[in-house]
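Take a look at the model below.

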Amino acid sequence: MRSSPLLRYQPPRFPTKLEVLATPELLRCGGPPILPPRRTLAAALAAGIAASPAFLLGTGCTAGDVLVPTVYLSEEEALAIILDETSKGGLALSTDPAALAHIVLPFEEDAVDLQRNVAVEYVSQQDCLAAIRAAEDAGIVADAGLAMDATGGLDRGTNSDGYRCDGYNMDEYEAIARDQQTQAELADPDLHFRAITQSPASSKQSAAAALRSQVVDFLDWLRANGVI
Amino acid sequence: MHLTLNLTTSCNMNCTYCYAPPRPGPAMSEQTAFAALELGARLNHESCGIAFFGGEPLLHKDLIAAVVERGRAMEKEGKGHFHFKLTTNGLLLDDAFLQLAQREHIMLAMSVDGVEQAHDAHRRLADGSPSFEPVRASLARLLAAKPYASVICVVNPDTARHLSESIAWLLDAGCRYLIVVLNHAADWTERDFGMLEKQYRKLATLYRQWTRAGRKFYFSPFETKISSHVNRHCYHKDRCELGNRQLSVDTEGYLYPCVQFPRAGHQSRWCIGNVIDGVDEKARQAIRAESETEKAFCRDCVIKDRCNNTCGCLNWQTTGDINAISPVLCRNEQLLTTIVDRLAEKLYREREPHFLQKHYSDAYPVLSLLEDLGYPGNR
């Protein structure tokens, strides 16, 4: 068998992640945003789970940074930031339990704008622990590498070394962890390390700033999709 | 840095394509294995991965249990942090070991080459008899206990025609993490590659159907090829780098840059230390630098940055030179890239939600797992 190098090849016509981060419209689903599975509209995963807070922007439509330093913001602190930024961006999120009852998110949903069909949740340390307990109750936690890693991270009072889905081989697991690199991390490779070594107060500031940045990205994405 | 412990050179199977056919010899001693743990803790201050490998590692379950127990004890003493993985042919998987794996969160990978005709073509028991039936029973036990376990499926020239059928069968059997590996060392012909191309195309069609149906699965190499474009900015970090992310430890405790090299022996230039004295950094760096040399053959190739040509271990196995690319690898990489890119283009054009989630959402693994755990339904 013989082979020769490929000398000409049309660039693939699907975007890279960096292109999507720069231009969230690239993932626009056409028409109104498709409701994600289980009516999850938007989720902010934060430092409670490994190192990866993220906005999940509708089914298949995602963008935004996924970095929060290794300090946990409380539900209240996080919600205050989210409400502050979203109100500036034109969302009218409500924390009224009656409004929240219309939405089901993976954890405890935090705020909802029923008019625009947008909900937000912040996954806190408490949410994580609740998930782990439920998984234990269901007898499947042994396979929930994520949950156990999160437990380890929380127990040690440090950040876990990344979420791990059982079944990935070592390299793939590490690749997933690396996939979580964000624009912020790419621009500043020491950001995460500094977050770990900073004093708690300044780390908390970093976490707050990162979350604020995520909310802004989220708003950009909503604009790109014609929601606001 | 992670460590792969070759616990034994013995095996209860005799697969025709094994790059390290079973041979008699003493298994790794507990003392050597414990020394490897100490080394792992020194090399990796976060969580050191310890992969049990062989031969067939489950021939030495007691040693595995002892290593895991020792690792956990070291963790309690603040002397390291470990996670464990094991690759097995599955024949010796029993309830007791599966319980250990569940309790200690040992990630399991099992070798199954697909449907009976594909599997039995090469994966034979030590006496030469077929292994499909006992392996199928083990696979069911494995997935019942560890639903996220991965399955490694090796494709040979004579089994390529079963590839799409095999993957569909494994998925239907409950496997969600499927890793297909070509036997690059086999004698592939143009005709074999014609069949392989046909099968990849069938798989691309199935992948699209499965994705559109919302089925969750991880199918390498399709996922990795998509990732090589989507994550182009950091993909180079995911590629194989000899002696950079993991070291292989032979039964005597000698260190090598990857799993192929222990068979070269500790007097070869591939031996880069031992578990007692540690890594010979000069030797390791020399091998690493050599493996990072630009591959002359690939210099003008436009997909060289998305290719598996950096796998020095595979290159060495197929050509005897860590920098020489085998034609089989080159052709396979080109074939995969072109077919998988067209598949991804279609799914992107459709804005297929599950495809976009899988490849563009950093939160996907977490949210997917939460969904599997029953959220929000169990709240």
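First, the ground rules. This is a predicted model, where local features need pLDDT of at least 70, side-chain atom pairs count only at pLDDT 80 or more, and totals for chains, interfaces and linings use all residues. Residues are numbered from 1 along each chain as its sequence is written, while chains are lettered from A and ligands numbered from 1 in the order in which they are written.

Helices (H or I, at least four residues) and strands (E, at least two) are DSSP runs, numbered from the N terminus. Helix 6 of chain B spans residues 163–172. Its buried residues are Leu163(B), Ser164(B), Ser166(B), Ile167(B) and Leu170(B). A residue is buried if 20 or more other C-beta atoms lie within 10 Å of its own, exposed if 12 or fewer, and partly exposed in between, with C-beta atoms placed from the backbone. Seen down the axis of helix 6 of chain B, the buried residues fall within an arc of 160 degrees, so they line one face of the helix. The arc is that of the directions from the helix axis to the C-beta atoms. The cover over these buried residues includes helix 4 (116–122), strand 5 (150–155), strand 6 (177–182) and helix 7 (190–212) of chain B.

Two residues are in contact if their C-beta atoms, placed from the backbone, lie within 7 Å.

Cys153(B) also belongs to the largest nonpolar core, which has 101 residues. Such a core is a set of buried Ala, Val, Leu, Ile, Met, Phe, Trp, Tyr and Cys residues joined through C-beta atoms within 7 Å. The members touching the most others are Leu5(B), Ile50(B), Leu108(B), Val151(B), Cys153(B) and Leu178(B). Helix 11 (residues 327–349) of chain B gives the most to this core, with nine residues. A second, separate core has 16 residues, among them Leu79(A), Ile81(A), Leu93(A) and Val112(A).

Now helix packing. Two packed helices are described by the angle between their axes and the distance between the axes. Helix 8 (residues 222–230) and helix 11 of chain B pack at about 75 degrees, with their axes 9 Å apart. Axes are lines fitted to C-alpha atoms, for helices over the stretch in contact, and angles run from 0 to 180 degrees between N-to-C directions. Helix 8 and helix 11 of chain B are therefore roughly perpendicular to each other. Angles under 35 degrees count as roughly parallel, over 145 as roughly antiparallel, 65 to 115 as roughly perpendicular and the rest as oblique. Helix 8 of chain B brings Phe222(B), Lys225(B), Ile226(B) and His229(B). Helix 11 of chain B meets them with Leu336(B), Thr337(B), Val340(B), Asp341(B) and Ala344(B).

Helix 9 (residues 281–291) of chain B buries Arg284(B), Ile287(B) and Ser291(B). Seen down the axis of helix 9 of chain B, these fall within an arc of 65 degrees, so they line one face. They pack against strand 11 (278–279) and helix 10 (312–319) of chain B. The face turned away carries the exposed Glu281(B), Lys282(B) and Ala289(B). In helix 12 (residues 353–360) of chain B, eight of the eight residues are buried, so this helix is largely enclosed by the rest of the structure.

Next, the backbone. Most residues other than glycine have a negative phi, and most peptide bonds are trans. His105(B) is not a glycine, yet has a positive phi of about 55 degrees. His105(B) sits in the loop between helix 3 (95–104) and strand 4 (107–111) of chain B. Arg351(B), in the loop between helix 11 and helix 12 of chain B, has a positive phi of about 50 degrees. A cis peptide bond joins Gly54(B) and Gly55(B), with omega about 15 degrees. Another cis bond joins Ser220(B) and Pro221(B), with omega about 20 degrees.

Finally, chain A has nine helices and five strands. Buried residues make up 50% of its 228 residues.
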